[in-house]
Every structure is written in structure tokens, then in C-alpha cells.
Amino acid sequence: MRALFWLVAVFAAAAAIAVLGRLNEGYALFVVPPWRVELSLLTFCLAAAAVFAAAYAIVRVVGRTLALPAQVRAYRERRRRERS
């Protein structure tokens, strides 16, 4: 049931973004000489959110990877104590 509510919430958010995106006439302009990139503000916001989510996921994966040796050490110690 909770998954159904999440699905409805995601679809509602997508519909709200689509409706609000039509009302917004702004744009983001990036200039790096000799190039010029012009994006709609909605596209820029969605891209920024996607980059943030990807960076967050990468930081979480790196953090868990760096914590693996300590977790393995604790697991082996716990297993050794349970055996004895």
C-alpha cells in the first residue's frame, strides 16, 4: 500500500512539474568563450537535481566501500567470539 502511495506521489509531482514548466519562461545561460549554452530553466533544474542525486549516490557508495574493511574486521571478530 505504501508503494502505491509513493507511485501516486511521483506521478503527481511529475504532473505538477509539467504544468509549472509551461508557465515558466526563464532560461539559464552559460557562456564559456567560444561556446554559449542556453537551457530552459526547467531543464536546468531537473539536470541539477539529477547531478545532485548522482553525486549523493556516489558519495554514499564510496563511504560504504571505505567502511568495508572495518565491517569485515568486526564480523570476523564477532564470529570468532561466537565460535569460542
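User: Is Arg36 buried or exposed?
Analyst: This is a predicted model, in which local features need pLDDT of at least 70, side-chain atom pairs count only at pLDDT 80 or more, and totals for chains, interfaces and linings use all residues. Residues are numbered from 1 along each chain as its sequence is written, and side-chain values use heavy atoms, leaving out hydrogens and water. Buried means under 20% relative accessible area, exposed over 50%, and partly exposed in between (1.4 Å probe, protein chains only). Arg36 has a relative accessible area of 58%, so the residue counts as exposed.

User: Which residue forms a salt bridge with Arg36?
Analyst: Side chains of opposite charge can pair when their charged atoms come close. A salt bridge is a side-chain nitrogen of Lys or Arg within 4 Å of a carboxyl oxygen of Asp or Glu. For Arg36, the closest N and O atoms of the pair are 3.5 Å apart. The partner is partly exposed, at 47% relative accessibility, and its name is Glu38.

User: How many salt bridges are there?
Analyst: One of them joins Arg36 and Glu38. Glu77 meets Arg80 at 3.2 Å, N to O, and Arg81 at 3.9 Å. By the 4 Å rule, the count is three.

User: Which residues are linked in a network of salt bridges?
Analyst: Glu77 takes part in a salt bridge with Arg80 and in another with Arg81. Because Glu77 and Arg81 are four residues apart in helix α2, about one helical turn separates them. Glu77 and Arg80 are three residues apart in helix α2, also about one turn. The network therefore consists of Glu77, Arg80 and Arg81.

User: What is the relative accessibility of Glu77?
Analyst: Arg80, at 52%, and Arg81, at 53%, are both exposed. Glu77 instead counts as partly exposed, so its value lies between the two cut-offs. The value for Glu77 is 34%.

User: Which element has the highest mean pLDDT?
Analyst: pLDDT is the predictor's confidence in each residue, from 0 to 100. The mean for the chain is 92, and 100% of its residues reach 70 or more. Helices (H or I, at least four residues) and strands (E, at least two) are DSSP runs, numbered from the N terminus. Helix α1 (residues 2–23) has the lowest mean, 88, while the highest, 94, belongs to residues 41–83, helix α2.

User: How far apart in space are Arg79 and Pro69?
Analyst: Arg79 is in helix α2 and is partly exposed, at 35% relative accessibility. Pro69 is ten residues from Arg79 in sequence. From C-alpha to C-alpha, the distance between Arg79 and Pro69 is 15 Å.
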